[in-house]
Amino acid sequence: MTEINESRLKNHFLYPFLNPRSIAVFGANNEFLSTMGAMQLRNIIFGGFFTDKIYPLHPRLDEIQGLKAYKSVLDLPEIPDLALLILPTKVVPEVMENCGQKGIKNLIITSGGFKEIGEEGKILSDKINGIAKNYEMRFIGPNCLGIYNGWFQGEKENSNFNTMWIYETPERGTISIIAQSGTVASHLFWYCNKIGVKIGKSFSTGNENNIDVVDILEYLKEDPQTSVIGLYIEEIKRGKEFLDVVKKIVPNKPIIAIYAGGTDAATRSIMGHTGSISGDDKIYETVFKETGIISTFQIKEFLYYLRVFSYDIIPKGRRMGIITDSGGCGAMMAKAAEKLGLIIPEFSEQLKIKLKKYIPSIANIDNPLDLTFQFNQYNLYIKIPKLLINSGEIDGIIIYAVFGFEEILNVIKASGGKSYEEFDISNEIMRGIYLKPIQKLVKKTRIPVFYIGPQGYSNPWIKEFIKANIPIFDLWDMPIKCFSVLAQYSEYKKK
Amino acid sequence: MTNIDNKIPFKDHFLYSILNPKSIAVFGANNNLLTTMGSMQLRNIIAGGGFTNNIYPIHPRLEEVQGLKAYKSVLNLPVTPDLAFLILPTKAIPQVMEECGQKGIKNLLITSGGFRESGSDGINLSNKIDHIAKSYNIRFIGPNCLGIYNGWYGYPEKKSAFFNTFWPYAIPERGNISIISQSGTVAAQTFWHAKDMGVKISKSVSVGNERNIDIVNLLEYFKEDPQTEVIGLYIEEIKRGKEFINIVKKIIPEKPIVAIYAGGTRAATRSIMSHTGSIGGNQKIYDAVFKETGIISTDSIMDFLYYLRTFSFAQKYNVFPKGKRVAIVTDSGGSGSMMAKTSELYGLEVPEFSEELSVQISDLIPPTASAVNPIDVTFDVNFINLFYKFPKILMKSGEVNSIIVYGVFDFDDVLKTMELSGMRIDDSMKSIKVMIDNAVLKPIKRLMRKYSVPVFYAGPFPYRYPWFQKFNSYNVPIFELWDHPTKCLSILSQYSDFRKKLTN
């Protein structure tokens, strides 16, 4: 589904922002620790940018991070596709003028200190709008961190374009984020790597003087590398256009949104943050409901929802089958599911008879299905989920618990126990035997199967799930929530 | 202030020797650790390091189990063990219990399932084991449970031993939290997570069907146990309602209780019936009990662990906020806005600062930053300001009751990245790691105690990063991302408020 490049968007004005072939960087030096711009330049270099096409500008230094530095943008040997400004607020207008004279059309302005700080800032804000208009420039910001494009030179494996100062980069995937907060656009990358949220693009839009959420949504709508969109919103400037584009996007690409305004303190915070005046929570709730946007005010839910939608298996209904080796989490999941309007149906007699074959005599056959302690992994991973899927009685499955045996075997070995060399239960083999056949069935039947592994995300077996884009969770709160938003989206789409 | 490290356990109770047996007989373990749950359980008992030659595996055929001499019958043992641990097919239980009784063993853990939770045969068997216990004066935990974890096994004589009869092998750090759970999963399979995020466990007991020893018995013990300062409950059914309410009311003013009640919906009731054989009750009844007694309740396992950790900190250092006013300091507007929103949604207040306080703060932040609450210091590498000076000014002002600081990075990771990028990292930068101990973590804890104002820290790194582990090692609350700090503060101030009312 995913095309390697986004060439069909080549003529969109945002394309060179994401895929510049040359860049001027203002405000970087060699002091990583004290200068944000130095880190930002560092990240551009480490993303694999053509180093002879990065032009640091500095009034005094001749060389920055191993690159030749220039005194003025006017001295550059070519017109860069993009200029990145990480400068004291007051010098921004003059530098913009220079960029305009040089013929640069695209800017990212990181500097803060505009409308979010009051009257003086507003004057400056109007000024940079005027300059941009004069020279027909487009710019992202001010007061932003810019762009992360994980598909930059997509044909190369580890290439990216990262103007943010956060140096951690997520694995490449089809999730794109647009955020009126640099934190949401970039700080999440460590956690993304922990739980396997694979991000393709992330935009920090800042004050949106020139390029706003709507512009970027229009781009992502057409972008073949984007299948799910995450939004962090403090204010929507162009309400009507937002509604129009979102309505067109949601049936094809789900949107998850955080609206951070709506309370007194949040409004104060937002005023100081991007200078926006946030609105009533109810208005936003109505908009989200009408357009089918999934909303949350929790950052971890935001990431989990993005992740589950990126797997692209949308259930047909709300009926869940829960398989556990432990009653407690089954009861908790059943409760959470019913609270969220999901259905945990009782199994039919025919299905119960079929299940009987695989269930130890002490366990009762019901939904949630409690297998109690058993090491017959084949039943847990294959036989029972298969029966449930083929029964047509459920629309999704949760399996608790999957365990990484490498770790368990290491523990056993360290205790002087048997080495179990006769079992080849390396993760490689396990994946082939336990995951592949079910995933084939999942793709065919569109019935999502979620797994929970309490050993946590650092366990090598759990990492296999992440690698293979199979929904894996470390505890049992999130799977229910995730299934419920999948079902919600599925119903919206049907309408 | 309390210091658990100097605390000896509560000994004057029949549960003491179940939690701290000096000798143990284990039925149902062999050498196949992968396929027999009992083998893994024996392995974990050995790994706890508390026993010397006092573990007695009982096996009909094997001479040696996991390096230990095995016995054919409990009657052959050279001593009468303090505890017998049964992981056996259901049908064998009565006979083995009889033999234990004849040997004079008074305490049992019965892991085996297949009792009342699986129909009428099971119910008969249940009655049978009750009867045997009665005739020999045996007390037992279970059946249908995973048993016990005691992180303070044999303390203080034994310095770092633990007693773990569960099959999961992950061991959390030991602390002041004790868990009583009608689910083995909640009692044991949360340990990987607890270890990762610094939930420090004193004891965890999986009570199963509660044929003989129930939640109320354990609550009575934990009420008196100096090693327990916070209690977590997972409940599917409360058998002795009146006694439960009585004991809980006595505990809450001293030790906060966090509870999950898993019943109350139709599917949950079905699930519970096959799990422990209980009949799950009405949600409203439980809500009323929780409210009246001051138990903090949740339906989320993640919240459960976070709340326990929060109270563990508050109890250990006696830091309880005196009100609902919170200050939020961040290096990033987005997390500040979201926390401001959730604070208000959870019933906290994010007050505006007085003029004087705003001026004091403005002096320390860049001109582009925002000195209102939430404070957004923007990109600022002076983390001593962020971590220590702001909280100190805020505490002194008396304008807030609690503080959240977002912007904790793993500085080792940051420096490593810079070094790899060609920057020379000198010794003064490397000493930052040591500096944070002396310039932030130690003094902030002192201030928190002095003002009774909790400071919660958050940052974008997962817990496994060393700097986050460092905060955990100091018991300074640290959070990955920013969902839980406001939630936990709201719970903490709710409890503080409740406790204040009780003691006034």
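Colleague: Which residue is the bridge partner of B:V258 in strand 14 of chain B?

Modeller: That partner is B:I296. Keep in mind that this is a predicted model. Now let's look around B:V258. It sits in strand 13 of chain B, where B:V258 and B:I260 point one way, while B:I257, B:A259 and B:Y261 point the other way.

What about its neighbours? Strand 14 of chain B (residues 296–297) runs parallel to strand 13 of chain B, and two bridges join them. Strand 13 of chain B also pairs with strand 12 of chain B (residues 230–235), again in the parallel sense, over five bridges. Within that pairing, B:I231 stands opposite B:I257. To get from strand 12 of chain B to strand 13 of chain B, the chain passes through helix 8 of chain B (residues 241–251), and this β-α-β crossover is right-handed.

Stepping back for a moment, nonpolar side chains tend to be buried together in soluble globular proteins. In this model, the largest nonpolar core has 323 residues, and A:V25, A:I399 and B:V26 touch the most other members. Helix 11 of chain B (residues 301–317) gives the most to this core, with ten residues.

Notes:
Residues are numbered from 1 along each chain as its sequence is written. Chains are lettered from A and ligands numbered from 1 in the order in which they are written. This is a predicted model: local features need pLDDT of at least 70, side-chain atom pairs count only at pLDDT 80 or more; totals for chains, interfaces and linings use all residues. A residue is buried if 20 or more other C-beta atoms lie within 10 Å of its own, exposed if 12 or fewer, and partly exposed in between; C-beta atoms are placed from the backbone. Helices (H or I, at least four residues) and strands (E, at least two) are DSSP runs, numbered from the N terminus. Two strands pair if DSSP finds at least two bridges between them. A crossover is right-handed if, with the strands pointing away from the viewer, the path from the first strand over the helix to the second runs clockwise. A nonpolar core is a set of buried Ala, Val, Leu, Ile, Met, Phe, Trp, Tyr and Cys residues joined through C-beta atoms within 7 Å.
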